[in-house]
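Keep the sequence beside the model while you read.

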Amino acid sequence: MNAYEEYMRQVTQPMRRELTDAGFTELTTPDEVNEFMATAKGVSLVVINSVCGCAAGLARPAAREAVEMVKPDNLVTVFAGQDPEATATMRAFFEEVPPSSPSMAILKGGELAYFIPRENIEGFPMEQIRDHIADVLKQICAE
């Protein structure tokens with residue numbers, strides 16, 4: 001690992017922990033993503049994490065708080081820019097939407113049910129993002 005990669009690993013560790021401490025499973029390799037997608041049942045919230053402070057700094061707390069309100073069956077995350085192969089593999093499961101970081105996908109039975117792109121995160125109050133996620137999760141979990 002070169003000096004830059006080591007630096008970025010250290011910088012992103014708190015950003016990763018913010019989600020894993022809230023119960024999200026981090027998928028860091030294509031194999032982990034494929035295994036999850038092959039076995040996932042029910043409703044899953046997938047957070048595509050990012051270093052971007054302007055949007056990711058809102059996305060992570062909004063996701064954490066939303067799943068305290070409505071708990072889907074599965075919570076997973078991939079880290080764009082840090083685990084590029086895992087992120088590309090996850091995005092391939094919902095390639096009908098353009099890549100966006102950070103973003104969130106809500107899957108039902110492994111199929112994309114709803115997608116929240118960066119433009120619906122950046123510039124919005126965290127509480128509004130949280131409520132948006134929670135409302136969509138409530139709806140999809142009830143279906």
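What follows goes from the sheet to its central strand, then to the cores and a few single residues.

This is a predicted model, in which local features need pLDDT of at least 70, side-chain atom pairs count only at pLDDT 80 or more, and totals for chains, interfaces and linings use all residues. Residues are numbered from 1 along each chain as its sequence is written, and side-chain values use heavy atoms, with hydrogens and water left out.

Begin with the strands. Helices (H or I, at least four residues) and strands (E, at least two) are DSSP runs, numbered from the N terminus. Two strands pair if DSSP finds at least two bridges between them. Five strands make an open, mixed sheet, ordered β1-β3-β2-β4-β5. At the edges stand β1 (25-26) and β5 (111-116), each with a single partner strand, so one side of each has no neighbour in the sheet.

Now look at β2. Strands of a sheet pair through backbone hydrogen bonds, either parallel or antiparallel. Strand β2 (residues 43-49) runs parallel to β3 (residues 74-79), and six bridges join them. Within that pairing, Val 46 has Val 76 as its bridge partner, and Val 47 has Thr 77. Towards β4, β2 runs antiparallel, again with six bridges. There Val 43 is the bridge partner of Lys 108.

How many residues of β2 are buried? Seven of the seven are, so the strand is largely enclosed by the rest of the structure. Buried means under 20% relative accessible area, exposed over 50%, and partly exposed in between (1.4 Å probe, protein chains only). In a regular strand the side chains alternate between the two faces of the sheet. In β2, Val 43, Leu 45, Val 47 and Asn 49 point one way, while Ser 44, Val 46 and Ile 48 point the other way.

Helix α3 (residues 53-69) lies across β2, β3 and β4 (103-108), at about 165 degrees to β2. Axes here are lines fitted to C-alpha atoms, for helices over the stretch in contact, and angles run from 0 to 180 degrees between N-to-C directions. Contact means heavy atoms within 4.5 Å.

Arg 60 lies in α3 and is buried, at 7% relative accessible area. Its side chain makes a polar contact of 2.9 Å with the side chain of Asn 49. Such a contact is a pair of N or O atoms within 3.5 Å; within protein, one must be able to donate a hydrogen and the other to accept it, and residues adjacent in sequence count only if both atoms are side-chain atoms. Leaving aside residues up to four places away in sequence, Arg 60 touches Met 15, Glu 18, Leu 19, Asn 49 and Ser 50.

Next come the cores. A nonpolar core is a set of buried Ala, Val, Leu, Ile, Met, Phe, Trp, Tyr and Cys residues joined through side-chain atoms within 4.5 Å. The largest has 25 residues, of which Phe 24, Leu 45, Met 104 and Ile 133 touch the most other members. β2, α3, β4 and α5 (126-142) each supply at least two of its residues. The largest share, seven residues, comes from α5. A second, separate core of 16 residues includes Val 33, Ala 86, Met 90 and Phe 115.

Met 90 lies in helix α4 (residues 84-92). Is Met 90 buried or exposed? At 0% relative accessibility, Met 90 counts as buried. Beyond residues up to four places away in sequence, its contacts include Leu 27, Val 33, Val 46 and Val 76.

Finally, the cysteines. Cys 52 is buried at 18% relative accessibility, and Cys 141 is partly exposed at 34%. A disulfide is a pair of cysteine sulfur atoms within 2.5 Å. The whole structure holds zero disulfides.
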